[in-house]
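Trainee: Could we go through this model together, one question at a time? I am new to reading structures.
Mentor: Gladly, let us have a look.

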Amino acid sequence: MPVNETNAGSDGREGSGAVSLGEQLSSAREERAISLEQAARTLHLDKTVVAALEAEQFEALGAAVFVKGHLRSYAELLGLSPDDVIETYRQLDPTIDELPATVDRQQWSGRVNVALWSFWAMVIVAALLVAVYLYEGATERDAGRIRQQQLAPEAQAPGVPSGAEAGQQASESVDETLPPPIPDPVTGAGAATPPSATEDRSMAAAVIAPEPVFLPEPAAQQSVRVTVSASSGPATVDAGGMRLSLIFSEDSWAEITDPTGRRILYGLQRAGTRRELSSEPPIGVFLGNAPGVEVLVDGSEYSISSGARRGNIARFDIQPDIQP
Amino acid sequence: MLKNILGYFSNDLSIDLGTANTLIYLSGHGIVLDEPSVVAIREEPGRGGKSIAAVGAEAKSMLGRTPGNITAIRPLKDGVIADFTITEKMLQHFIRKAHGNQYFRPSPRVLIAVPYGSTQVERRAIKESAEGAGARKVFLVEEPMVAAIGAGMPVQEARGSMVLDVGGGTSEVAVISLNGIVYAASVRIGGDRFDEAILNYVRRNYGILIGEATAERIKHEIGSAYPGDEVREISVRGRNLSEGVPRSFSLNSNEILEALQEPLQGIVGAVKGALEQTPPELGSDVADRGIVLTGGGALLRDLDKLLMEETGLPVVIADDPLTCVARGGGRVMELIDEHGPGVYVLD
């Protein structure tokens, strides 16, 4: 029986959308033959509150939470669906302030991403600026160091190498290794050690004319000839290996490597020994006691630049011809 | 400094750090996280320490089903922190999850509701664990106040409003007027005590041991606080204590009602006590409008009817009672932005 009544009530509500909430409540109450007083007593409410609900005077009942609560209890008492009644009440008063109880995650994550990406963009720009600043600083420091290194050898321009005699000795010892005969001064000059170019050139320039010197010469006498023969071009320059002589006046560790990194001399050399080596340039040289070793390249003395020295130790590469 | 920068990319959060569930309300968006306050810890003797195996719903499914090296624990007890480190880790996990952002650590302003009766030490523990979890600013507010605001009660009016928040670990009743708590009381009875009562009832009357998860399922499905016309039944399994083997048996809603009598009477007592202590003017306002029920406990069937019959006052259940505290916290956060933290925020 109550089921039928409920159905009748809900049918009536659906059938006529014009029936107001208050009318729905009062008609349902009358159908169930419940008086206003009885309803109020059951709900522990004041009779005026129930009357206000039926008259839709919701403002008199205070906040929406109370109105909804009372409507829900009343609807349950009358056998109506509480959810439907609350929904109708919401339509009556859309201004019921309710905090959103759910969130559209998709929308939210999109919003976060905008903030996030702008943040990362700022970080990347800042990192680039810092990188550029550091790079500029490093380049300037390098340039300064190179300038210093260039100035250093000229400042301490060493004495004229006493290479003439030694050069002859060297050429005798390696005669067979060189296809063209040695005595030609041009050939000797051509194979002369490039690393000493700076010093030699300065000497040569000091002694003779201020003409451009293309081939470095250890001795002033030779450099004259070189400058003369320079016009004939460096065609006669020996393209083969480089002869390296090491004269040990004191005990010294020595390690000499060819361009492939292979050791051609390795070990402690006693005072008074002399080593003759031949290899393609560049030749890597490591000397444990550099002041006690005289280095001759193709018969000419090779002066070790101060940059290659650290205390007694010297580590340097003997390069092929370097054009000034 | 970094927290402040990251703060611009984090939204304010209101956290209901409950014994049973943690809810997070994201400013202007709503509830974005609702997970059980459970953490599963894995012991790693080889690596000389412990690690977090799971947090939230995943960890809850492990409760009572873990092997020797995993312990599923609830770091909060009776509304306050029982394990500081684990709470911090859990909050950290939840805050990250609520922000849904894996690129950087969020650093939001966080509002946390604390039980009314909590001590200075307990409040400080909550505040520090939130700060440890990455919050750049933590506001603490009293739970009954935010629950009332979240329920939409007119707390700013010069009228008495009574709210009863039945949580997982505690139930709090408060009379509020003019943005302040006139009287409040907190009892350590909540959803957990209901589960415990069901568990004890079944063991005592059936000689069968059931787990906490089963007890909770029974409460959800057939639990009620007031005798109704309809009797519902549920079939569950538990270990028979005398035989030692699992047995299936059925329970009905009247039995559960009987089982829940003790904790329910505790809550009713607290409400009656509050009504006794309320100044008469405010008491009449409450009698006129009614008591508002919030919290997960309000979902226990017919709890409003029980309170109505016991107190003789109208009782209404707030909309979406489970999220009232978190939503109310969100509203308080907006008020803090508008008027400063003076009104509601503690210390």
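Trainee: What share of the accessible surface of chain B belongs to carbon and sulfur atoms?
Mentor: First, this is a predicted model, where local features need pLDDT of at least 70, side-chain atom pairs count only at pLDDT 80 or more, and totals for chains, interfaces and linings use all residues. Residues are numbered from 1 along each chain as its sequence is written, chains are lettered from A and ligands numbered from 1 in the order in which they are written, and side-chain values use heavy atoms, with hydrogens and water left out. Accessible areas come from the Shrake-Rupley method with a 1.4 Å probe, and for residues only the protein chains shown count as cover. The accessible surface of chain B is about 14400 Å², and the carbon and sulfur share is 47%.

Trainee: Is helix H5 of chain B enclosed or open, and why?
Mentor: Buried means under 20% relative accessible area, exposed over 50%, and partly exposed in between (1.4 Å probe, protein chains only). Helices (H or I, at least four residues) and strands (E, at least two) are DSSP runs, numbered from the N terminus. The buried residues of H5(B) include Glu143(B), Pro144(B) and Met145(B). Because nine of the nine residues in this helix (residues 143–151) are buried, H5 of chain B is largely enclosed by the rest of the structure.

Trainee: Is Tyr133(A) buried or exposed?
Mentor: Tyr133(A) sits in helix H7 (residues 105–155) of chain A. Its relative accessibility is 63%, so Tyr133(A) counts as exposed.

Trainee: Where in chain A is confidence lowest?
Mentor: Chain A averages 69, and its highest confidence is in helix H3 (residues 36–42), at 90. Where pLDDT is low, the predicted coordinates should not be read in detail. The lowest confidence in chain A, a mean of 38, falls in helix H11 (residues 220–229).

Trainee: Which residue in E6(A) is the bridge partner of Ile247(A)?
Mentor: Strands E1 (residues 242–248) and E6 (residues 293–297) of chain A pair in the antiparallel sense over five bridges. In E6(A), the partner of Ile247(A) is Glu294(A).

Key. pLDDT = per-residue confidence, 0-100. Pairing = 2+ DSSP bridges.
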